[in-house]
Amino acid sequence: MTLLRRASLRHLLRHPGQLALSILGVALGVAVVVAIDLAIQSSREGFTVSAETVAGRATHQIVGGADGVAERSVAAVRRAANVEAAAPVVEGLASSPDLPGMALRVLGVDPFSEGPFRPYLGGDDGQGEDSSGEGGFSVADFITTPRAAVLSAATAERAGLRPGDSLVVMVGGRLVPLPVIATVDPTDELTRAGLRDVVLMDIASAQGLVGRPGQISRIDLRLAGSGPSAELSAVLPPGTRLEPAGTRTDTLAGMIGAFDLNLTALSFLAMIFGMFLIYNAQTFSVVQRRELLGGLRALGVTRGEVLRTVLGESVVIGTLGAALGVAAGVVLGRGLVGLVTRTINDLYFVLTIDGLSVPPAVLAKGAVLGLATTVLAALPPALEAASVQPRMARIRSIKEGQTRRMVPRAAAAGAALALVGTALLLIPTRNLIVSFAGLFLVLLGMALTTPLATVVLARAATPLLTRTSGILGTMAARDVVAALSRTAPAIAALVVAVSVTVGLGIMIQSFRGTLIDWLDGTLQADVYVSLPSVQAARAAGTLPTALLDTLVGHPRVVGRSTYRGNEVVLIDGVVRLVALDLDPRGEAAFDFLEGDAASAFPAFRTSDAVLVSEPLAYRRGLELGDSFSLPTSSGTVGFRIAGVFYDYAADQGVVMMSRRTYDRYHDDGGVTSLGLFLEEGVDVESVVRDLEARVPDGLVVTVRTNQALRRGSLEVFDRTFQVTAVLRLLAFVVAFVGVLSALMALELERSRELGVLRANGLTPGQVWQLVTTQTGLMGAISGILAVPMGWVLALVMIHVVNKRSFGWTLHMEVGPDVVLQALGLALVGAIVAGVYPAWRMSRVSPAEALRGE
Amino acid sequence: MPAAPAPAAVELVGLSKSYREGDRAHRILDGVDLRVLAGETVAVLGPSGSGKSTLLNLVSGIDRPDGGSVVVDGVDLTSLSERDRTLFRRRSIGFVFQFFNLLPTLTVLENLLLPLELNGAVGSSEQARARGLLEAVALADRADAFPDRLSGGEQQRIAVARALVHEPALVLADEPTGNLDQETGDLVTDLLERLVRDAGGTLIVVTHSKDLASRMDRVLRVDHGHLREDPQ
């Protein structure tokens, strides 16, 4: 190791606090990025493995609309040219008290068609290969035992079941025992993982269980090399389509694209704060050594050697920080994966994962990112170090003079960046990368204006501080400006951190406020009835007709609306199709963005017109009067849009169709949930109890007042934003560590100056006062600047990022508490960060501090 | 046959340098000519701000003149790039600063080895040379100490040794006793003069000290941008 390198490493080791904080900053940034990446990857992988395992070796699939595919069409498909094999499949969801917290997928198959598709099932029919570790199961038992089920060995073990026992599942509000006739234990790890949430049944049993007799979810196909034949296309049942296997999986996975990207962008924020921290620490470290670097340059050390030496330090910090961050990221990821998958379950699709998968590529990516950002952040100070002119090195005022000259230029550059960012945000695109790039440029631009604002605010504060704290107040205020090369980056970091906290706070507050307003308007019925669902935000299954009649027949019920919700997977996305039999009292639930109740509802009730939600219209560029095509049992039908309404229940989009229209095009009489309107002035709670009493034994039905449903919806919302809240907290911690290190370094560097003051009679208490007044002033400046910046951030998040991600219009709400929160956060953060240096400085003896004189 | 003239270690011709102060240019050196012979020792006197340090910066190639030429050890520094001037400086010039500028994170011995390492690998002969110089400045027993454990005088003795360790053609000293008491300053001056003369090197010292100046072969004075011989 060269002496220069050795000297620089020892410099790092001689400032262990500074080194530790720098490493911690990188580590936290990397940890957040890695954790989010792992959580997202694990969710996606869990979904894909599961979907691929269930799809097996199918090359193509025939899929239908809301009511699936008619079973009778299988025979014709099987006979078509190029079809080597065809297998009908029924899919449904269930839960089980034996497997708490887990959503089960009921997979109904025809064992005689299965061989070419899912060989891991390993039945004894002699078809296909047997990859089952246990040697398969009896097909005879499978089809003759009523509701026979086969589980993966791992799932059976988790439920504490053995062949011969029964797995109790909850489907359609009823607990149904399923005899477990066998377990399968595929040797292949991926297949085993894919089967963890599957309950395999004979197709007829599955249809009976999920309440879809005569209907199948899809037909899996193996086509010969030349692909789909014209003959096959001709026999496709109406409203179905043929697509390559995996298309549906990709479409479903695409639902969470915006969700993933938003989380990833938030995680990068933590990394950017980490960058700020490194920039701060390295800038300080260079400033600290200016004179020394000048001496080295005079001795003949080249600029390149100085540059490499300083960057070498950042490599050490980056490597240690990245290593620590990757390890911490795995730990943090284990915590976050639960939150991420729960949100996906609540909002998008059912997902069960065994835990965090840790692909080495994600860890490597995190480590490289950490190292690269550290080196990048250290580049400006390293260049500054390399440009130190030996003859100027001793004169600190020259450096500060340069900094002050830079202030207006930085502000101008900041304004220019903010303008470029704004221009990017104004581009009418739905591309989220462009939106986030615009947002980051605006934030960076605003951060660059903080030095100018700092000078202005510190000067404005001087008279006040002089009045309240005398000469110490004057000194504290003037020092902020005099040492701008060091105070400005620290203030900028704190401003960004607090503004992000404030901005996200406003965004969440606005979202919640909008949701509450929307729920208050939407939940018009007094009581809602549905079956328990594995997805918190989504009613599923169908209510028995007899029960509907019993409940509607309650003497206090004066009206009812019924809902039938189905997810329809289109080629280019997923929509929720709701068949609505709407009581006129429920019309007020709709708040129209385009169209109005007076014209929309008559068209909705009397013609094939539909109402679409704002996210759907936004994503697909749909307008009033446009036609929206949906697959139905009668073929693909275009429905005229009679209104676009605000909706915050599903970001993939909702199509509301009158029950009359739905029934004309679908072979599905089910009702998913029921809204009941009661007589004026009745005790709703007592009616709820009455209605619950009318539910037959053995059937589990959720009967809720609209207030209870509102509370439940808000609980789901709050849960959804838990990940954001965690990220917001972590980002603030990273920034706080950065500010702590910057302020500590700043104050510790002043030890000689403070020593002189101590020698001139300043008491330790006055040193405390001086240091904390200065850091407090910096905190106050940061807080004041963070308010407008946080507001801008929220504005962009609400009106650009959220709109483009999810298609929602949110109403911005900024309360005075946000301003106070920003000021308090910045002030407390800065003062806390000043406590240690103040304590250190007040204890140092003047003689020690003056040793360098 | 007449004796060949002694080679010039430093030759300045028509050297001028200005700095901007706000909107105005402040001329520091104005057409300075100087020829310092190899092996000669020269003191440069002058009031603060007169341009003494600027002169050293120009001679060492740290700074570039606005006009004129600087030739050191036969090399015209004004024709070199910044990088080449730096490489020339590390090979051919030794520096002693007023504030020592030892690397606090290198030991005394490592500080001495630094110029040698910058000029190539450090072998046993370089180690021996560094240790020999430590003995010459009477600090052999402090080889493994870090500079902050040494007094100001000791640090400056190490700085003198460091300036000579790579046997430069020219040693430049910028107020080497300016930060030391009289007695310590005298000791450092003795060392500096003796070691430079023993090595047959050339020395230019910028100083306020008339005592130090009186020990040099020649004394020059910077006066209103010009360099004049001081009659002492």
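1. A helix axis here is a line fitted to the C-alpha atoms over the stretch in contact, and the angle between two such axes runs from 0 to 180 degrees between N-to-C directions. Keep that in mind for the next point, and please remember throughout that this is a predicted model.

2. Helix α18 (residues 484-522) of chain A packs against helix α27 (residues 764-806) of chain A at an angle of about 40°, and their axes are 6 Å apart. Because of that angle, α18(A) counts as oblique to α27(A). The crossing of α18(A) and α27(A) is right-handed. As for the residues in this contact, 20 are nonpolar and eight are polar, with no charged ones.

3. Next, have a look at the largest nonpolar core, which has 338 residues; A:V199 and A:V655 touch the most other members. Helix α2 (residues 16-55) of chain A gives this core its largest share, 20 residues.

4. Which residues is A:V199 in contact with, leaving aside its neighbours within four places in sequence? They are A:A94, A:L104, A:V106, A:L107, A:A149, A:L151, A:L167, A:V169 and A:L178.

5. Finally, turn to where the two chains meet: 17 residues of chain A are in contact with 21 residues of chain B. On the chain B side, α1 (52-60), α2 (82-92) and α3 (108-118) each supply at least two residues. The largest share of that side, six residues, belongs to α3(B). By class, the chain B side that touches chain A has 10 nonpolar, five polar and six charged residues.

Definitions and conventions: Residues are numbered from 1 along each chain as its sequence is written. Chains are lettered from A and ligands numbered from 1 in the order in which they are written. This is a predicted model: local features need pLDDT of at least 70, side-chain atom pairs count only at pLDDT 80 or more; totals for chains, interfaces and linings use all residues. A nonpolar core is a set of buried Ala, Val, Leu, Ile, Met, Phe, Trp, Tyr and Cys residues joined through C-beta atoms within 7 Å. A residue is buried if 20 or more other C-beta atoms lie within 10 Å of its own, exposed if 12 or fewer, and partly exposed in between; C-beta atoms are placed from the backbone. Helices (H or I, at least four residues) and strands (E, at least two) are DSSP runs, numbered from the N terminus. Two residues are in contact if their C-beta atoms, placed from the backbone, lie within 7 Å. Angles under 35 degrees count as roughly parallel, over 145 as roughly antiparallel, 65 to 115 as roughly perpendicular and the rest as oblique. A crossing is left-handed if the near helix is turned anticlockwise from the far one by less than a right angle, and right-handed if clockwise. Ala, Val, Leu, Ile, Met, Phe, Trp, Tyr, Cys and Pro count as nonpolar, Asp, Glu, Lys and Arg as charged, and the others, Gly among them, as polar.
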